[in-house]
Structure formats: C-alpha cells, structure tokens
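Visitor: Hi! Could you walk me through this one?
Guide: Happy to. Here it is.

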Amino acid sequence: MFINFSSLAETFVYSGGCFWCTEADMEKLEGVSEVVSGFTAGTTKNPKYIQGQWGDHREAALVIYDPQKINFKDLVIHVYKTIDYEDNEGQFCDRGRSYTPAIYYKTNEEKQTILSVTPKSSIVPIEKESKFYPVRLEHQDYYKKQTYKYEYYRFLCRRDKRIEELNN
C-alpha cells in the first residue's frame, strides 16, 4: 500500500476499537486528508487482518493531517470524544486486546499535549508510537464501501449511545 501525503502533512496514530469506526470518526475533520486502518503496538511480525494472524497488535488508525488546518491537540480531543476512555478491556461490543484504546506519541511534547487534555476518568494508555502496519486495501474506507453493514454494526455495538453518555 502506498500512502501519499505532502511534505506539510503530519501523522498521528491511535487505537479506539474497530478501525473502521476510528477511520470514519477521524475523516470527518477538516484538515485530515486521509486515515489508514491498520495494526500497531504488538510484537507479531507482519500482522494480517485474518483471524488469529494479527497477534498481540491493536487495531489502529494512522491519521494524515495538515497542521496548518488542525493541530495535534484538537486531534487528541476528538479521539477522547469518539472512544470510551473508561473502558480498557475493548471498545463497545468488541472485546480483547486488539480492540483496546491507546493514544501514541512521537515526542515528549506530544505526550505532554495528550496528558493536558486527557479526561480525569480516562484509563486509556498513552504509549510511545511503534511500527504501524496498514491492512489490505479492501479494508480501507470500509464505512464508505459497505455503508449499510458498517452503520448496522455501529448501531448494534451502541457506540454512539455510549459516546453521548460520556460527553454529556
């Protein structure tokens, strides 16, 4: 998979459960040019989106954004508004390590920014960014390609209902 972004673009990686949902939530923001679904934060070499072949990785989103249009802090705030930051056993109806949330940083400055906006009740790990493995092309933009299936899944998992509870 080739990821094309300008020299002005920055990247940010986070895990928030199902990568189809994280991708859909983040691509709504102005200044975000692309979100790539994949895996990170594990030790399994070359994980694949095939049952049992992603090992100990978390599903994740690689966000490509223009820092002149949206800043890192606003991206992190958006993450906390779209995940259940009080659940570290998975997200919504998806359970287990691969669906646990985490926010990744490259620099100590990014880490301090994350900490400055983290809700008091958050139990989301904040970890140093590690290698990101994109999933196959057919799993990118799933929410656009399979709109009905995606919306039905999101509804069944009560994702939006729980997010609304956290943000009120």
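Guide: A definition to begin with: the radius of gyration is taken over C-alpha atoms, and the globule rule is 2.2 Å times the number of residues to the power 0.38. Also, please keep in mind that this is a predicted model.

Visitor: Okay, what does the globule rule say about the protein chain?
Guide: For 168 residues, a compact globule would have a radius of gyration near 15 Å, and the protein chain has 15 Å, so the two agree. Along its principal axes, the C-alpha trace spans about 40 × 35 × 30 Å.

Visitor: And how much of the chain is buried?
Guide: Buried residues make up 49% of the 168. The accessible surface comes to about 9,000 Å², and 50% of that belongs to carbon and sulfur atoms.

Visitor: How many helices and strands does it have?
Guide: The protein chain has six helices and eight strands. From the N terminus on, they run β-α-β-β-α-β-β-β-α-β-β-α-α-α.

Visitor: What's the strand order in the sheet?
Guide: It's an open sheet of six strands in the order 7-6-1-3-2-8, with mixed pairing. At the edges sit strand 7 (126-128) and strand 8 (132-134), each pairing on one side only. From one strand to the next, the twist averages 40°.

Visitor: Take strands 1 and 3: parallel or antiparallel?
Guide: Antiparallel: strand 1 (residues 10-15) and strand 3 (residues 58-65) pair over five bridges. As an example, Val13 has Leu62 of strand 3 as its bridge partner.

Visitor: Which strands does helix 1 touch?
Guide: Helix 1 (residues 19-26) packs on the sheet and touches strand 1, strand 2 (32-40) and strand 3. Its direction makes about 165° with that of strand 2.

Visitor: And what about helix 2?
Guide: Helix 2 (residues 72-82) also packs on the sheet, touching strand 1, strand 2, strand 3, strand 6 (102-105) and strand 7. The direction of helix 2 makes about 20° with that of strand 1.

Visitor: Switching to the other end, which residues of helix 6 are buried?
Guide: In helix 6 (residues 159-166), those are Arg159, Ile163 and Leu166. Seen down the helix axis, the buried residues fall within an arc of 60°, so they line one face of helix 6.

Visitor: What covers them?
Guide: The cover for the buried residues of helix 6 includes helix 1, helix 2 and helix 5 (147-156).

Visitor: Last one: what share of the contacts joins residues at least 24 apart?
Guide: Counting contacts between residues at least 6 apart in sequence, 70% join residues at least 24 apart.

Key. Residues numbered from 1 in each chain as written. Predicted model: local features only at pLDDT ≥ 70, side-chain atom pairs only at ≥ 80, totals over all residues. Heavy atoms only, no water. Pairing = 2+ DSSP bridges. Helix = DSSP H or I, 4+ residues; strand = E, 2+ residues; numbered from the N terminus. Axes fitted to C-alpha atoms, helices over the stretch in contact; angles between N-to-C directions. Contact = heavy atoms within 4.5 Å. Buried < 20%, exposed > 50% of the residue type's maximum accessible area, 1.4 Å probe, protein only. Areas by Shrake-Rupley, 256 points an atom, 1.4 Å probe, with all protein chains shown as cover. Arc of directions from axis to C-beta.
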